[in-house]
Amino acid sequence: MPEKIFVEESVKNLPFARQVLERCTGSSVETVSSARELIRSFQKKRVAGFDGKKNLLLCQNRGRFLEPCPGTKKQYLCCGYAILNTGTGCPLDCSYCVLQAYLNNPFITLFVNRDDMMEELEANAALIKGKIVRLGTGEFMDSLALEHLTGFIAFIMPFLRKRKQTVLELKTKTIHIENLLGLDHGGAIIVSWSLNTEEIIQSQERGTAPLKRRISAACRMIGDGYRVGFHFDPLIFYPGWEDGYRSVVDLVAESIPPSSISWISIGSLRYMPQLKNSAYKRWPDTRIFSQEFIPGLDGKMRYMQDIRVEMYSKMTGWLRAYSEGLFIYYCMESMDVWDKTLGFAPSSNAELKKLMDQRL
Ligand code: SF4
């Protein structure tokens with residue numbers, strides 16, 4: 001629950017704004033004339049003790065709700081999913097979170113003009129009639145961390161039921177699956193968990209669910225007829241990484257039938273250079289940036305290729321031993337690395353998208 005909610009005057013009576021305000025009975029509320037001005041004033045003031053993660057901003061999205069995933073550098077393969085912007089900022093707190101460097105807005109923000117969102121979704125669906133769309137809400141926040149306030153699943157379900165070619169992937173590190181249980185979802189939703197070693201979860205992912213609880217939540221979803229996904233991202237190279245990640249794969253293998261897994265992605269730690277300073281301010285003791293990194297073609301810092309190849313080879317070997325048929329892909333990796341570790345590489349982003357679409 002947020003400590004304080006700022007709501008933009010022009011949208012405070014929209015149904016979604018009212019719903020959130022009704023659910024946050026203990027939060028103080030302030031109406032503001034302009035979200036943009038509010039954000040600017042907090043950027044300038046650097047208010048002492050202000051923690052953006054405890055403050056919620058309800059405002060209008062004046063930009064687009066639907067965007068292609070920014071993984072567009074042609075040297076790296078991108079799976080071609082579409083981002084649905086429901087808001088920005090995340091109440092969870094990971095030391096490596098890209099949002100620390102990416103967002104200028106310090107508030108957790110929810111866009112409340114949902115009619116506009118729906119209009120855009122419908123227009124897009126009409127435009128690309130018949131094509132499969134994989135939508136994701138987990139780009140600028142955890143997909144389920146605020147579900148108790150947003151009720152987003154109930155909101156989007158009628159659209160998903162009508163538009164059979166659209167599948168929504170909810171990416172999370174939480175276990176907030178209550179609103180999904182018992183739904184007539186018709187395969188339109190895939191819940192996927194970001195997985196890491198217990199050590200990394202405890203030391204670098206504040207506020208997230210422990211590993212075993214994430215896996216138990218995935219089991220409950222499968223029991224309810226859902227397919228699930230897993231993202232081993234970011235893989236972090238630290239003393240003991242091999243044992244750590246091996247036991248995560250073992251836990252998945254013991255608990256999850258491979259036929260219920262749509263896909264597994266793997267990605268190693270990468271970050272824009274400016275992220276490091278922001279992260280050290282909030283995580284002075286973190287050691288995850290104390291390795292040798294090189295700038296990639298997209299400007300992001302990455303482990304040297306031989307380290308990435310070693311980690312990916314081990315991970316794919318363990319995953320293949322669990323099940324040969326798993327669909328494994330890399331997030332933002334070159335064809336060269338695909339080839340070296342998986343023995344093949346999709347020839348283009350379009351081919352990778354096609355392979356992913358076949359998993360639905
Ligand atoms: S869960 Fe994702 S969006 Fe939220 S803080 Fe962690 S990395 Fe960032």
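Begin with the open sheet, whose five strands follow the order E2-E1-E3-E8-E6 with mixed pairing; strands here are DSSP runs of E of at least two residues, helices are runs of H or I of at least four, both numbered from the N terminus, and two strands pair if DSSP finds at least two bridges between them. This is a predicted model, in which local features need pLDDT of at least 70 and side-chain atom pairs count only at pLDDT 80 or more, while totals for chains, interfaces and linings use all residues. Residues are numbered from 1 along each chain as its sequence is written, and side-chain values use heavy atoms, with hydrogens and water left out.

Select next the edge strands, E2 (28-32) and E6 (87-88), each of which pairs on one side only. E6 is joined by two bridges to E8 (residues 108-111), and the two run antiparallel; threonine 88 stands opposite threonine 109 in E8.

Finally, select helices H8 (residues 211-223) and H9 (residues 241-255), whose axes come within 11 Å and cross at roughly 25°. That makes H8 roughly parallel to H9, a term for angles under 35 degrees. Display Leu211, Lys212, Ile215 and Cys219 of H8 together with Val248, Leu251, Val252 and Ser255 of H9, the residues that make the contact.

Technical notes:
Axes are lines fitted to C-alpha atoms, for helices over the stretch in contact, and angles run from 0 to 180 degrees between N-to-C directions. Angles under 35 degrees count as roughly parallel, over 145 as roughly antiparallel, 65 to 115 as roughly perpendicular and the rest as oblique. Contact means heavy atoms within 4.5 Å.
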